[in-house]
Amino acid sequence: MQFAGVQAIIENVKGATKIHLVDFNIRTGIQCTGLMQALAEQRDHPIELLKITAIGHQEKEKIEETGKRLQSFANSLNLPFSFNIVFMSDMKDLRVESVNVKADETVAVYCNIVLRTMICRPEYMDNTMRVIRGLRPSVVVVCEVEANHNSPSFLNRFVEALFFYSVLFDCFEDCMDRDNLVRKRIEVFHIGEGIRNMVAAEGAERFTRNMKLDVWRAYFARFGMVEMELSESSWYQANLILKQFSQGSSCNVQNDGKALLVGWKGTPIESVSIWKFL
């Protein structure tokens with residue numbers, strides 16, 4: 001999913017020599033390395049600067065470590081590079097001015113599994129979307145969980161969670177041993193807590209929420225966003241990554257309109273879509 005999104009960025013900043021990637025959930029930065037390598041190999045329009053700005057409101061030290069690793073990787077590629085952090089104690093305070101965008105920079109925005117964290121606080125998400133629009137990006141890549149976990153009905157949430165997480169556990173069962181430490185951490189600290197919060201909590205305390213792509217489309221339309229078609233190269237990147245895994249045959253990539261869905265044995269798990277502002 002990440003590499004399909006990166007491919008979309010590469011295609012939409014083609015010809016630019018100063019590129020500014022604004023990442024709202026950079027984590028380890030693995031998605032950035034593919035972009036950096038592709039830009040470093042660009043010969044027709046040599047890159048004068050790749051600037052990455054990481055937006056975050058927690059785990060600042062981890063973001064700083066990511067920045068150091070990316071700087072080291074850029075140095076190995078001889079790629080002109082700078083890394084900035086916009087750290088907010090509260091995301092509702094984020095403003096366009098918080099991000100240092102120069103007039104000659106081509107901006108791309110990458111939102112990987114981050115908008116879902118604001119569903120329970122719509123004023124935060126609305127503010128984030130206004131900021132993104134104010135950055136005037138050439139492309140916005142959105143990766144989200146493809147599930148409906150935002151129903152006010154307990155029964156609906158329970159049923160949706162049951163089916164969705166059954167698919168995830170089936171995937172883990174086929175791909176990882178039960179005593180695998182990574183699997184145990186994911187099941188206990190991420191999935192377990194997510195299920196508990198999704199089913200048992202209400203109101204603002206229920207922060208584990210997901211919405212399907214059609215709901216996101218209606219939401220983005222409010223901000224004047226238009227969906228763009230993922231190219232064949234993006235599809236190729238997604239399929240290429242899946243084929244590298246021993247259980248890749250159980251993964252499936254399918255289209256949903258102009259977007260891409262990745263699933264397990266026919267059940268969608270995540271979506272990636274690309275957008276621009278009118």
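## Gly67 in helix H3

Gly67 is part of helix H3, which spans residues 60–77. Helices (H or I, at least four residues) and strands (E, at least two) are DSSP runs, numbered from the N terminus. Gly67 is buried, with a relative accessibility of 6%. Buried means under 20% relative accessible area, exposed means over 50%, and partly exposed is in between (1.4 Å probe, protein chains only). Thr28 is 39 residues away from Gly67 along the chain, and the C-alpha atoms of the two are separated by 8.9 Å.

This is a predicted model, in which local features need pLDDT of at least 70 and side-chain atom pairs count only at pLDDT 80 or more, while totals for chains, interfaces and linings use all residues. Residues are numbered from 1 along each chain as its sequence is written, and side-chain values use heavy atoms, with hydrogens and water left out.

## Two domains

The protein chain is divided into domain 1 (1–146 + 211–277) and domain 2 (154–203); the bounds come from an automatic or database domain assignment. The C-alpha centres of domain 1 and domain 2 are 25 Å apart. In domain 1, eight residues are in contact with seven residues of domain 2, where contact means heavy atoms within 4.5 Å.

## Helices H1 and H2

Helix H1 (residues 2–12) and helix H2 (residues 30–40) have axes that come within 9 Å and cross at roughly 35°. Axes are lines fitted to C-alpha atoms, for helices over the stretch in contact, and angles run from 0 to 180 degrees between N-to-C directions. The crossing of H1 and H2 is right-handed. A crossing is right-handed if the near helix is turned clockwise from the far one by less than a right angle, and left-handed if anticlockwise.

On the H1 side, Gln2, Val6, Ile9 and Ile10 meet Ile30, Gln31, Gly34, Leu35 and Ala38 of H2. By class, this contact of H1 with H2 has six nonpolar, three polar and no charged residues. Ala, Val, Leu, Ile, Met, Phe, Trp, Tyr, Cys and Pro count as nonpolar, Asp, Glu, Lys and Arg as charged, and the others, Gly among them, as polar.

Gln7 is also found in helix H1. Gln7 is buried at 15% relative accessibility. Apart from its neighbours within four places in sequence, Gln7 is in contact with Ser233, Ser234 and Gln237.

## Salt bridges

A salt bridge is a side-chain nitrogen of Lys or Arg within 4 Å of a carboxyl oxygen of Asp or Glu. The count by this rule is 16 salt bridges. One of them joins the side chains of Lys265 and Asp170, at 3.1 Å from N to O. Lys265 lies in the loop between strand S8 (259–264) and strand S9 (267–277), and Asp170 lies in helix H5 (residues 154–175), so the pair ties together parts that are 95 residues apart in sequence. Both are partly exposed, Lys265 with a relative accessible area of 48% and Asp170 with a relative accessibility of 29%.

Helix H6 (residues 181–200) holds Glu187 and Arg183, which are four residues apart and separated by about one helical turn. Their side chains form a salt bridge of 2.7 Å, N to O. Arg183 is buried, with a relative accessible area of 6%. Arg196 and Glu193 form a salt bridge of 2.7 Å, N to O; these two are three residues apart in helix H6. Glu193 is partly exposed at 33% relative accessibility. Salt bridges that share partners join Glu173, Arg178, Arg183 and Glu187 into one network.
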